[in-house]
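Reader: Please take a close look at a single part of this chain. Begin with the overall fold, then go to the part itself.

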Amino acid sequence: MSASFDEIGMIPIGRVAGGRAEPTKDHWGANRPTIVLRDDLLGPDALKGLAAHSHIEVVFYFHLHSDEPVEAGARHPRGRTDWPAVGIYAQHGRMRINRIGVSVCRLLGVDGMSVEVEGLDAVDGTPVLDIKPVWSGYQPRGALREPDWARELMANYWD
């Protein structure tokens, strides 16, 4: 059976302001940018109630290095040949077809159309596609399984 797929478009709801200017591989935990929402798209009450949450999930577009080739198959994460070659959907690399990133970060405050966060692994100027509160009901149910190389890769990611 063959499926038909239509292309879709997305509109950024805001941008990351401040924090890191360059994407690096590790040490994102102390990154404290602000997400500034677009007041031409959203009303002043779009963030009402968000401050009651400790964490948010931010969906964003990897806009830097857009000339980097897309990876549609497998590769060694971070070029480490001591780690297995795994498909792009078994890792968090930015070289994916739609270049979408997702990050759970700590919510520090809401002020008008701005959200201050900590631990967002996106850089200044990054287009934000969506923000969602983190609810315990959406967290993994049951034991989490991941390969050893993934734990090793993440060892210094937030510190």
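Author: **A buried loop residue**

The chain holds 1 helix and 8 strands. Helices (H or I, at least four residues) and strands (E, at least two) are DSSP runs, numbered from the N terminus. In sequence order the pattern is β-β-β-β-β-β-β-β-α.

This is a predicted model: local features need pLDDT of at least 70, side-chain atom pairs count only at pLDDT 80 or more, and totals for chains, interfaces and linings use all residues. Residues are numbered from 1 along each chain as its sequence is written, and side-chain values use heavy atoms, with hydrogens and water left out.

The C-alpha trace spans about 50 × 40 × 35 Å along its principal axes. Of the 159 residues, 30% count as buried. Buried means under 20% relative accessible area, exposed over 50%, partly exposed in between (1.4 Å probe, protein chains only).

Contact means heavy atoms within 4.5 Å. Among contacts in the chain with a separation of 6 or more, 76% come from residues 24 or more positions apart.

Now the part itself: Met 113. Met 113 sits in the loop between strand S6 (100-111) and strand S7 (114-118). Met 113 counts as buried because its relative accessible area is 16%. Leaving out residues up to four places away in sequence, Met 113 touches Ile 35, Val 36, Leu 37, Arg 38, Asp 39, Leu 42, Gly 43, Pro 44 and Leu 47. Take Pro 44 from that list. Pro 44 and Met 113 are 69 residues apart in sequence, yet 6.5 Å apart in space, C-alpha to C-alpha.
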